[in-house]
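Here is a friendly walk through one protein-protein contact. Have the viewer open as you read.

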Amino acid sequence: MSLIEILDPSYVKLRLDNLDLSLTSLRDALRGTGNKTLTDLDTDLANIYARVDVALSTRASESTLSGLSGKFPSAVALADNLSNPTTTIIGGALLGFDGTNWGRVAVRALDIVGATGRALAIVNFLTPSRMPYMVDDISVSTTEASTAISAPGAKVLKITNKGDVDCLIGINASVPATNPLKVRARTAKIFLFGGATAVYYKTAAGSTTISIEWFN
Amino acid sequence: MSYEYIYPKPDKLRDKPFRADELMKIIAESGFNPIALRVDNDRGSVVIYFAGELGEKEKKTLGELMADIFNGW
């Protein structure tokens, strides 16, 4: 007596129906969009290995990178009497803020210790740059009076006393009560000033006549 | 060119004299650009100096401005 085992045909069909993919489709799916075989992939890997066969430390010492190391000096402790370091020059743009905007600070070519160099340009506030003016024949008495000068004010101011009485002067303020500056009778005084916008004058007694001349 | 304005009550200036820089500021803030301004507190005189001659309209405006200043002094 023997036992015969039979595979049910309907079961076989059921399983075969699951193999709904052709072998060529399976192959194409495995190759991907690049249609690369396993041999192709192996060749690609070999090429990649060939390119990374040098340690990164070796790559970092190549000319394109090693050149950078020469741009920086070796570290050294700060101390007096250090020798001049050999280092990369890094230019810094000198800018100044005027309260609203940043702008380039100007320099001028000047003779500096016997050679032409660049010096920071400054505004010479005592250098007249505008029209000179004169107010003449100003009567001065014991009552303080004044003459205003338009902004930025006089940088060079000349007061001439044409009379026979000393004239007491205050610049940008009333004549001081004590020790005021005097422009003696029949003399003139010249002042250099950052910006005299008003001249006050009077006499201690009597009267005189002055003229005021200025550059601003 | 200068323009003189006379304050009609100079006696009042003994207590409150004109100060040229104060008047200059008022006038400059009103749009004028004088080069100098002189006050004489004995005579009540204010002389305003300009680089050139003012037009008729400017002269009228300046006169009105000075009248306002004098009235408020």
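How many residues does the contact take from chain B and from chain A? It takes 16 residues from chain B and 19 residues from chain A, where contact means heavy atoms within 4.5 Å.

## About the model

This is a predicted model, in which local features need pLDDT of at least 70, side-chain atom pairs count only at pLDDT 80 or more, and totals for chains, interfaces and linings use all residues. Residues are numbered from 1 along each chain as its sequence is written, chains are lettered from A and ligands numbered from 1 in the order in which they are written, and side-chain values use heavy atoms, with hydrogens and water left out.

## Buried area

Between them, chain B and chain A bury about 1300 Å², with 51% of it on carbon and sulfur atoms. Buried area here is the accessible area (1.4 Å probe) that two parts lose on being put together, summed over both. On the chain B side, B:R19, B:I35 and B:R38 supply 35% of the area buried against chain A, more than any other three residues.

## Strand pairing

Strand 6 (residues 145-149) of chain A and strand 2 of chain B run antiparallel and are joined by 4 bridges. Strands are DSSP runs of E, at least two residues, numbered from the N terminus, and two of them pair if DSSP finds at least two bridges between them. Within strand 2 of chain B, B:L37 is the bridge partner of A:A148.
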